[in-house]
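The sequence and the structure are shown first.

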Amino acid sequence: MSLSPELMSELEQIVSRYEQPAGGLLPSLHRVQEEFGHIPEYALESVARLVGVPKALAYGVLSFYTLFYTEKQGENIILACESFTCSLMESEKVIGEVERVLGIKAGETTADEKFTLYSVPCLGDCDKAPVLMINWKMYENVKKEEIASIIDTF
Amino acid sequence: MEETRVLLKNTRDEKNRTLSGYLKNGGFRAAKEALKTMEPSDVISIVKKSSLRGRGGAGFPSGMKWELCAADKAFPKYLICNADEGEPGTFKDRELLENDPFAIIEGMLISAYAIGASKGYVYLRGEYRTAGKRLELAIEEAKKKGYIGDNILGSDFSFDVLVYMGAGSYICGEETALLESLEGKEGNSRIKPPFPVNVGLWGKPTVVNNVETLCSVPHIVLNGYEWYRALGSGDECDGTKIYSLSGHVNKPGNYELPMGATLRELIYDIGGGIRNGKKLKAVFPGGPSSSCLTPDDLDTKMDFKSLALAGSMLGSGAVVVMDEDTCMVEVAINTVSFYADESCGKCTPCREGNLWIKKILERVRVGEASEEELSLIKDLGENMAGTCFCALGMGAPSAVLSLISKFRDDFVKHVQIKGCPKRVIVR
């Protein structure tokens, strides 16, 4: 498998914005993930070749950053904050409820591939704790009782 | 007590996110003044005299940082806005990024002019998608109208800005790890010296400034350093500070106050006191990288010097409040787990130490640890401080050590009764 000429051309354009090609590695990975929902291995190889780094190094980068996914994700990605203020505001109850309603643990995808759940570090919205992000939309002051109906909207 | 909304003045005005709205609010007057009537060295001088200190956590004098970079003979130079806000309890930069994107551009413009940078990046954490979209729109508008690009506002000065999205890594908020990330690598910290002002992005002189720091710059240039200093509460407290208040208070939120407002003023006068009629147990004035303070410390001024003297730290001003029902063992586990997860892994004391402390605390939680192991945590923490390349290794044990020192009973009770006395439910 290989990336389409259109996408490759886009990536070349992206990489050209930076002083050195390696500066285009993360932006390229973002673009690939935007396209496929994750970064398949063949795409990683193409990007590595494009920016002129060894595949192993590119894989190191891919695996270092938590928002880059190597595997197919669910249709909807839920990021549930488990950090300091959210935990003071009982985020464990909220995350536990999401796990119960979806029937999965954090880090897993539902069998129907509709949802993937991650427990994540501070999302920078602490005055509205506890918070969740679903597909990059912020849900604030989330109560355990609201979880089922929030999930139902998807 | 009232807020002093200088940086937050226009963040509730939706039109402020458009160039015409921003201009109407007085935007880009400072940039015009700097580019047309001042030399770069004049700009540096005014910022030095304002005593502006970095608002990202380290508190390094901004004017001095610029001066060091400007003095370096190498080119090109880079100006980077550190928008990788990730300290738990900090949410001030998000408000500025989402609701005053042109202020960041103007701050970057003036700063770049001062140091002689021709290229700038906003390193934005990957989760801040709304901020990213709004910044891109603002940059596009600014480019169209000549506020970014070649010969800005008819001057000799040219400056280009790119938004660079992070991808989920707290450590990339540390300036050297940020530089590594910009260079397409894992966010490992670099040893200092050399400092980024001499050897930064691609080995060139680079200034990395926090969002709030950069947003302060236009105000200082326009109104003068004496005006800026007088906004603070005096005695080395200069300017304003946006404090992010969260936790068990009635009115959490971002509040801009004179630098050096007290914890009592923020938590009680502004924040409405402890919710549900509870009593205050402890507060982290600078998020979980700082040592905790107790009700005895409420009259401490929240500035760099006063908090350091009180044995804690201002950091980014993430004031997190805990009430009397809080289990300090759970707080310790939560904070050390964060650092264990976010450690880049380069330095052994940080990588291994955080994990080790976490494992001991998890056994304290279920009553399987002995009291001697609390001393072991202290030993580990002391061996991590100052032995790592970056401040994460130093900040990480701070919270835990202060909790054990000031709330030893919480920890000892877990050991004695072999469980949690508050029966806090853990997922």
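A salt bridge is taken here as a side-chain nitrogen of Lys or Arg within 4 Å of a carboxyl oxygen of Asp or Glu. By this rule, two salt bridges are found across the interface of chain A and chain B in this predicted model. The side chains of A:Asp125 and B:Arg94 form a salt bridge, at 2.4 Å from N to O. Polar contacts also span the interface of chain A and chain B, where the rule finds 20 residue pairs, both residues being at pLDDT 80 or more.

On the side of chain A that touches chain B, at least two residues each come from helix H2 (25–36), helix H4 (55–64), helix H5 (84–88) and helix H6 (91–102) of chain A. By class, this side of chain A comprises 21 nonpolar, 10 polar and seven charged residues.

In extent, the interface brings 38 residues of chain A into contact with 55 residues of chain B. About 3700 Å² is buried between chain A and chain B, and carbon and sulfur atoms give 60% of that area. In chain A, the residues that lose the most area to chain B are A:Glu19, A:Phe64 and A:Phe84, together 19% of what that side buries.

Within chain B, the axes of helix H13 (residues 328–342) and helix H17 (residues 408–417) come within 8 Å and cross at roughly 100°. Angles of 65 to 115 degrees count as roughly perpendicular, and H13(B) and H17(B) are therefore roughly perpendicular to each other. At their contact, B:Met328, B:Val329 and B:Ala332 of H13(B) meet B:Asp410, B:Phe411 and B:His414 of H17(B). By class, the contact of H13(B) with H17(B) has four nonpolar residues, one polar and one charged.

Terms used
Residues numbered from 1 in each chain as written. Chains lettered and ligands numbered in written order. Predicted model: local features only at pLDDT ≥ 70, side-chain atom pairs only at ≥ 80, totals over all residues. Heavy atoms only, no water. Contact = heavy atoms within 4.5 Å. Buried area = accessible area lost by both parts, 1.4 Å probe. Polar contact = N/O pair within 3.5 Å; in protein donor to acceptor, adjacent residues only side chain to side chain. Helix = DSSP H or I, 4+ residues; strand = E, 2+ residues; numbered from the N terminus. Nonpolar A, V, L, I, M, F, W, Y, C, P; charged D, E, K, R; others polar. Axes fitted to C-alpha atoms, helices over the stretch in contact; angles between N-to-C directions. Parallel < 35°, antiparallel > 145°, perpendicular 65-115°, else oblique.
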